[in-house]
Structures are given as structure tokens and as C-alpha cells.
Amino acid sequence: MKVALLGHEGDFRSDTGVGIQRYMFELYANLTKISNDVEKVEFKPIKFIGAGLSFELRALFTNFSKYNILHNLGTNPFLRPINSRNILITTAHDFQPILYPQFTFGHNVTLKYKLWMRLVVYSGLKSALNSDYLTCNSTQTKDEAIKLGFDKDRIFLVNHGTDKRFFKPAKQKIHKTFFKVGYIGAMRVRKNLEFGIEAANLIKDKNIFFDIWGKKEYEYEYLKSIAKNKNINFRGFAPEDKIVEIYDSFDAFIFPSYHEGFGMPILEAQSRGLPVIIYKYGKIPKEVRRYCFEAESPEHMAQIIEELKKNGYNEKERKKAIEYARSFTWEKTAKKTLEIYKKLYDL
């Protein structure tokens with residue numbers, strides 16, 4: 001058996017700060033620990049046409065004859081080579097752009113981003129539905145694939161993991177008068193960060209601070225313009241080598257996303273012992289939202305934050321959330337993925 005893991009050049013790095021690339025890095029790293037049958041195949045970008053279309057063209061003209069299984073790990077459109085006899089598996093991370101397009105474009109979106117979404121992401125999601133099999137990162141993504149017409153008997157559920165660096169003991173926090181609420185993630189309309197900022201604007205307690213970490217994407221200027229609470233601080237990109245330290249600087253974590261395929265930051269924050277507050281009506285997979293506080297409105301989120309500052313986080317619930325979050329490991333993800341390869345190869 002020989003398996004090719006497909007990605008762009010540089011996709012299998014750990015320092016991008018992007019969830020899909022983290023999955024690709026961890027899956028490859030952990031698979032190669034338990035199998036000699038897996039190789040990564042990275043496609044170099046072609047000048048002037050962009051990485052997504054480069055992936056599509058290079059894959060079309062690549063000789064994959066030595067591989068039994070091709071596993072497309074990202075959201076890249078994939079044209080199966082002519083006369084291909086390989087089994088094609090695609091990892092489905094979510095189908096939000098197709099099913100919930102209202103969460104795709106927000107303020108100050110560039111033409112380049114719109115073209116990328118239309119030509120790469122949309123076509124990538126549609127090509128995923130032409131795969132022989134799917135691996136889905138959550139029950140929610142699996143249900144979305146079935147809703148779009150994919151055969152449920154050709155879908156495998158493989159949850160993502162939590163990096164072990166989040167499992168190390170957290171330092172005892174020194175008693176302090178201030179309370180810090182944090183967010184780490186993208187600044188896109190789908191993340192619904194506006195909800196969290198509106199909650200922050202309602203809080204009058206001068207000892208509650210908000211640290212927002214993320215790249216300056218197209219929602220950045222709009223979000224800054226509505227941040228009226230002077231205790232809201234935009235910190236920029238969260239470096240991967242400082243990520244645990246950043247989580248540990250928080251007393252609570254907000255993640256009010258409209259839609260997540262999985263929601264890795266939720267489990268990372270819970271692994272560090274933080275209470276996590278999400279948007280109650282957001283489409284967050286049931287596997288991940290289990291121990292979250294669910295806010296119905298910005299007013300409700302503000303209330304939860306103030307109660308956590310006043311009363312603390314219930315120690316029993318905190319321990320349950322930590323144990324649960326740490327039960328998701330990349331070793332399990334790799335082991336289950338390898339079992340799928342072997343099952344399909346045997347067939």
C-alpha cells in the first residue's frame with residue numbers, strides 16, 4: 001500500500017497559524033511515526049495563476065501510478081488524472097461557503113479574495129463531492145456532506161486533535177485585580193467577532209480587559225471602528241511559538257463564530273483550563289461545544305464574563321472540560337486515518 005498526502009508547497013508546516021495547515025502538519029507527522037507507506041506530495045505554485053489553480057493543474061498532469069490512495073487534505077480543487085486507478089479521499093473541513101454563503105463576505109472584502117473564494121474554495125468544495133470517499137472532521141461536517149448528496153456510506157468521521165503542547169501543566173495564576181478575556185482567530189465575518197466586541201462595549205468594569213489576536217484581515221478596520229471600550233486591545237498575529245503563553249494570559253476565552261467545521265481553538269483554550277464562551281446559535285459541532293458557555297446575545301455574553309470575574313470558573317466543570325479537550329489527540333486522528341487507508345486498500 002502506498003498513500004500520497006496532497007498539498008501546496010509549504011502546507012505541511014506547523015507555524016502558519018491556520019487550522020487546515022495544522023491538521024496537515026500533524027497528520028503527516030503522526031502518520032509517518034506509525035507507517036512507512038505514507039508520503040507527502042507538495043505542488044509548487046505556477047507564476048501568475050495562484051496556488052489554488054496551480055494545485056489543480058499540477059495534479060492533473062502528475063503521474064500517481066505508484067500510489068494506491070490519493071488523499072487531498074485541503075480545500076483545493078482536484079481534477080483526477082486521466083485513466084487514474086487511485087482511490088481518491090478528500091478531507092472535508094466544512095461546507096459553509098456553499099450552505100451558508102451569508103457568512104462568507106463581510107466588510108472591505110477585496111476582489112482578489114472574492115476571486116479566490118469563487119475559483120478555488122467553491123470549486124474545491126464541489127470537487128470534494130466527486131471524491132470516492134470523504135473523511136469529515138466532525139459529525140456536523142458529515143451531516144453537511146450528506147445534505148449535499150454525498151453517500152453516507154462513503155464518509156468516515158475522523159475528529160481533529162489537540163496539540164500536546166497544550167497539555168502541559170498551566171502555571172498557577174497570581175491573584176490579580178484585573179480579568180482578561182481573549183480571542184485568537186481569523187478576522188472574517190464567519191467568526192462573528194463583532195458579537196464579542198459588542199459584548200465588550202457593554203462592560204463598564206475598568207478591570208476587565210479584552211485581547212484580540214489575529215491577522216489584520218479584511219474585517220480588521222471595521223472591527224476596530226466599532227470597538228468603543230478602551231480596554232479592547234488588538235494584538236496582531238499570535239506567533240505559534242507563543243500560543244500557549246498567550247492562552248495562559250487569559251482568564252476567559254470567547255469564540256462567537258457563526259460556523260466552524262471543528263473549532264480547534266475551543267479545545268486548545270479548554271486544555272489550558274479556560275472557560276470558553278460561544279454564540280449559542282452558531283453552528284459549532286456537538287463534539288466541541290460540549291463544555292462551552294453559550295451566549296444568546298452580546299448582553300448575555302457580557303453577563304457571563306462579569307459573573308466569571310466575580311465568581312470564578314467552577315473547578316469541577318473546569319476539570320471535566322480539560323479532560324475532555326485533551327482526549328482529542330493527533331495520534332488518534334492519524335491512527336484512525338491509517339485504519340481507513342488499510343480498509344480501502346483491502347477492498
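"Buried" means under 20% relative accessible area, "exposed" means over 50%, and "partly exposed" is anything in between (1.4 Å probe, protein chains only). Everything here comes from a predicted model, where local features need pLDDT of at least 70, side-chain atom pairs count only at pLDDT 80 or more, and totals for chains, interfaces and linings use all residues. Residues are numbered from 1 along each chain as its sequence is written, and side-chain values use heavy atoms, with hydrogens and water left out.

View 1. How many disulfides does the structure hold? The count is zero, taking a disulfide as a pair of cysteine sulfur atoms within 2.5 Å. If the word is new to you, a disulfide is a covalent bond between the sulfur atoms of two cysteines.

**View 2. Helix α6 meets helix α11.** Helices here are DSSP runs of H or I with at least four residues, strands are runs of E with at least two, and both are numbered from the N terminus. Two packed helices are described by the angle between their axes and the distance between the axes. For α6 (residues 193–202) and α11 (residues 298–311), the axes come within 8 Å and cross at roughly 60 degrees. That angle makes α6 oblique to α11: under 35 degrees counts as roughly parallel, over 145 as roughly antiparallel, 65 to 115 as roughly perpendicular, and the rest as oblique. The axes themselves are lines fitted to C-alpha atoms, for helices over the stretch in contact, with angles running from 0 to 180 degrees between N-to-C directions.

**View 3. Who touches whom between α6 and α11.** On the α6 side you'll find F195, G196, E198, A199 and L202, and they meet P298, E299, M301 and A302 of α11. Contact means heavy atoms within 4.5 Å. The residues of this contact divide into six nonpolar, one polar and two charged. For that sorting, Ala, Val, Leu, Ile, Met, Phe, Trp, Tyr, Cys and Pro count as nonpolar, Asp, Glu, Lys and Arg as charged, and the others, Gly among them, as polar.

**View 4. Helix α9, buried or exposed?** Eight of the eight residues of α9 (residues 264–271) are buried, so this helix is largely enclosed by the rest of the structure. Among the buried ones are M264, P265, E268 and S271. Just after α9, G273 takes a positive phi of about 85 degrees.

**View 5. L53 in helix α2.** α2 covers residues 51–60. L53 is partly exposed, with a relative accessible area of 30%. Leave aside its neighbours within four places in sequence, and L53 is in contact with L119 and V120.

**View 6. E26 in helix α1.** This residue's helix spans residues 19–34. E26 counts as buried, at 8% relative accessibility. Setting aside neighbours within four places in sequence, E26 is in contact with D163 and W330.

View 7. You'll find N108 in the loop between α3 (96–99) and α4 (111–128), and it is exposed, with a relative accessible area of 53%. N192 sits in the loop between β7 (179–184) and α6, and it is buried, with a relative accessible area of 6%.
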